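Please read them next to the coordinates.

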Amino acid sequence: MQKLFAFKKSILGLFILLGIVSCFSLFNLKFSFDFSQFFPEGDEDLVFYQAFIEEFGVDDSFLLIAIENEDTVFEEDFLERFATFSKQSKKLPYVIENQSITTLYYPLKTSFGYNRLPIIHLKDSTKYASDWKKIKADNLFINTLIDENSSSLVVSLETEDALDYNQSKELLTALRTMLKEHGFHEYHLLGRSFFYEALVNMQKQELIRTTIYATLLVLLILFLVYRRAAVVAIALSSIILALILFLGVLSLLGKELNTLSSFYPILLLIVGTSDVIHIMDDYLAKLRGGLEKNKAMLHTLKEVGISTLLTSVTTAIGFASLLTSKSSVVSGFGINSALGVLIAFVTIVGFSCSLLLLIDKKYILPKKAVSIKWMTGLTQINLFTQKFPNRILVLSLVFAGICLWGLSKINTNYQIKESLPTGSAIAEDFEFFQNNYGGFRPLEVAITAQGAYKVTDFEVTKEIEKAVQELKQLDPIRNVQSVNTFYKGLHKANNLNKSEYYVLPEREETYESYKKEIKKLIRRPYGKFVNTEETKSRITAKVLDVGLDTLNKVYHKFNEFARTEIDSNMVKLRLTGTGILLDKNAYYVKDSLIQGLLMGLLLVAIIMALLFKNLKLLFISLLPNLLPLLFAAALLGFLEIPLEATISVVFAVVFGIAVDDTIHFLGRYKIGLSKGLNKEEALQITFAETGRALIITTLILFFGFLVLLFSVHTPSITIGLLVSVTLLTALVLDLFLLPVLIRKFL
């Protein structure tokens with residue numbers, strides 16, 4: 001180690017060079033958002049859906065534009081402008097098809113073939129009232145292309161599949177320009193490309209905002225603790241360098257930043273600050289004790305550096321436990337965060353220690369000794385734990401019982417709107433479509449013919465219609481469409497366009513004649529519902545965002561209907577689609593969370609066993625870190641916060657960071673015993689030499705994660721609040737419960 005100190009200038013130069021390279025690579029950072037990132041990888045429903053979309057395409061390649069008009073849409077100038085815009089919208093980039101109430105027609109069968117009747121007579125305002133009456137009577141377009149109050153109209157665009165961020169932005173820019181050219185200012189958007197643009201923009205803003213806030217917070221705390229410009233500069237430059245190197249590595253690895261990326265600056269800045277304070281506090285204390293710089297650093301790295309390395313490893317393990325998640329967003333966040341923690345440790349040890357060795361100690365030693373209040377307060381805590389051990393144990397048991405009660409209250413009633421930026425245009429537009437149209441969640445029913453049957457057989461069509469009618473009766477489900485839509489539309493067209501004839505024909509001969517006409521007249525739309533072999537079909541719908549627990553009841557009811565009321569010898573039905581897969585992910589959150597934490601607990605236990613070589617000490621070290629996890633879970637239950645994929649990272653963060661204080665405390669206690677001190681003397685030294693650093697680092701963590709309260713992303717606010725409060729609880733348990741356990745069991 002002493003030999004390495006001789007290369008401190010070279011080490012410093014290497015880190016500066018790496019920092020410069022990383023700064024340039026930051027321009028290549030990629031941001032992404034895709035609901036498929038939350039799909040449960042390896043799940044059988046996902047495998048089925050992937051095979052399903054190969055034949056029918058994805059269900060989220062749409063963009064809806066709802067345009068409002070004051071009072072009513074039945075105003076001639078508005079309708080003419082809307083019709084022109086609707087026709088031109090097909091020219092927008094990446095748009096395949098467009099549809100609106102002004103581009104569609106009622107078909108009417110005459111002796112000369114099929115005529116097209118306009119749904120709205122655009123140039124004849126005297127017919128608007130009768131047009132609206134007909135629209136309401138048919139109920140074909142209400143809450144799909146026109147709202148029930150006739151105050152807005154929708155243009156529905158079908159886009160190319162899987163548009164990326166730049167393509168989405170290009171489409172939306174062109175769309176907004178076109179809307180402005182036609183004089184439309186009151187409009188609402190909904191669709192994959194709009195989500196992509198809005199949420200990636202949110203990610204960028206959150207990343208910048210959290211970096212600035214966390215940096216200012218760290219600067220303030222470091223100044224209050226050390227009151228020396230050189231010390232603050234060394235610490236802050238080391239931490240910021242660690243963040244830059246981490247983001248540079250992500251860029252070089254081609255990693256895409258996603259919804260959880262705003263946590264990276266906080267994690268790196270806060271975890272890095274914790275490492276810096278533990279090392280710097282001990283190093284400055286040894287300098288004050290009269291040791292020469294190199295010797296002081298050598299002793300610090302041996303005594304505190306090893307503990308800091310272990311805390312970095314255990315924190316990384318805590319994050320790596322998220323690899324058990326079936327969501328690629330969560331598992332990716334876990335592995336990236338684990339990498340970031342290790343980068344922070346290497347940077348702090350290499351860069352900070354080199355700087356400390358190069359700077360004259362007169363610039364870094366505090367002008368005043370550590371306040372006697374610190375020593376007095378920590379001594380009082382130690383005496384309290386010595387005087388009232390039984391009370392502390394009883395209170396801890398009561399606390400654990402309350403946490404278990406809260407744990408039983410956890411729900412998974414997650415809603416998409418909770419993940420949208422608060423007060424943003426996308427949140428307002430989402431709510432508009434939720435209240436006036438069919439919402440955002442796509443729902444698909446995959447239909448598979450059995451045996452020799454085909455989905456176009458008359459008897460099979462009747463079974464499909466039973467499913468359609470059942471879906472229409474389920475309250476959150478809207479806009480149900482199937483292959484039968486074409487047959488019912490033609491039946492209506494062949495009966496003077498009367499609304500009561502919008503049903504399947506009663507006679508098979510009539511149905512067969514419609515089948516031939518459909519294949520001639522509307523082959524492409526028909527192909528979206530029936531595959532070429534006519535063995536598979538689909539029912540499409542939209543589902544309101546009413547909460548996962550409510551939707552699960554709806555899905556269960558439909559599945560039970562399909563099992564008991566549909567002839568399985570002819571056809572089988574299966575719910576699928578992106579909405580189902582997003583909901584399915586919630587089933588795995590609890591399981592993967594428990595699996596990940598147990599795995600992390602096992603790995604940390606192994607590290608503790610190797611470090612302390614004492615099974616009792618191993619038990620003692622783990623117990624104070626399990627209670628904070630229970631407390632975090634209890635807060636979810638008591639506050640009625642739904643457990644979902646992004647919230648699950650709370651437990652990895654708490655577990656990974658909370659165990660750090662325990663390792664530092666027990667590490668210092670073991671050093672005391674190795675020097676020949678008895679149990680009480682070792683505890684007294686531990687409180688005196690480690691307690692201050694534990695409190696300072698925890699306060700930094702507490703306020704650091706509270707920075708997330710300024711977020712516009714509701715899950716981020718929740719995570720910030722939960723982590724802050726829980727880490728504070730972990731500190732209290734380490735300072736009060738841990739000494740009691742040491743006295744009782746060692």
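1. R209 is partly exposed in this predicted model, with a relative accessible area of 22%. Its salt-bridge partner is E206, with N and O 2.3 Å apart. E206 is buried, at a relative accessible area of 2%. Both residues belong to helix α7 (residues 192-226), where they are three residues apart, or about one helical turn. An α-helix has 3.6 residues a turn, so residues three or four places apart point the same way.

2. The closest N and O atoms of R563 and E560 are 2.5 Å apart. R563 counts as exposed, at 58% relative accessibility, while E560 is partly exposed, with a relative accessible area of 33%.

3. K488 is buried, with a relative accessible area of 4%. E465 also counts as buried, at 12% relative accessibility, because the cut-off is 20%.

4. Salt bridges also form a network, which links K134, D138 and K492. A search of the whole structure gives 21 salt bridges.

5. Helix α4 (residues 76-88) has 13 residues. From its first C-alpha to its last it reaches 19 Å, close to the 18 Å expected at 1.5 Å a residue. The buried residues of α4 are F78, L79, F82, A83, F85 and S86. They cover an arc of only 165° around the axis, which puts them on the same side of α4. The elements they pack against are the strands β2 (62-68), β3 (95-99) and β6 (152-159), together with the helices α5 (128-138) and α6 (165-181).

6. The largest nonpolar core has 98 residues, and M280, Y283, F333 and F705 are those with the most contacts inside it. Helix α9 (residues 263-288) supplies the largest share of this core, 15 residues. Apart from it lies another core, of 51 residues, including F74, F85, L172 and M178. In soluble globular proteins, nonpolar side chains tend to be buried together.

7. What is Y283 in contact with, leaving aside its neighbours within four places in sequence? The contacts of Y283 are K293, A296, M297, T300, L356, L357 and I364.

8. A658 is placed in helix α22 (residues 649-674). Is A658 buried or exposed? At 3% relative accessibility, A658 counts as buried, because this is under the 20% cut-off. Leaving aside neighbours within four places in sequence, A658 is in contact with N625, V653, L727, A730 and D734. A658 and L629 are 29 residues apart in sequence, and their C-alpha atoms are 9.3 Å apart in space.

How values were computed: Residues numbered from 1 in each chain as written. Predicted model: local features only at pLDDT ≥ 70, side-chain atom pairs only at ≥ 80, totals over all residues. Heavy atoms only, no water. Helix = DSSP H or I, 4+ residues; strand = E, 2+ residues; numbered from the N terminus. Expected span 1.5 Å × (residues − 1). Buried < 20%, exposed > 50% of the residue type's maximum accessible area, 1.4 Å probe, protein only. Arc of directions from axis to C-beta. Contact = heavy atoms within 4.5 Å. Core = buried A, V, L, I, M, F, W, Y, C linked by side-chain atoms within 4.5 Å. Salt bridge = Lys/Arg side-chain N within 4 Å of Asp/Glu carboxyl O.
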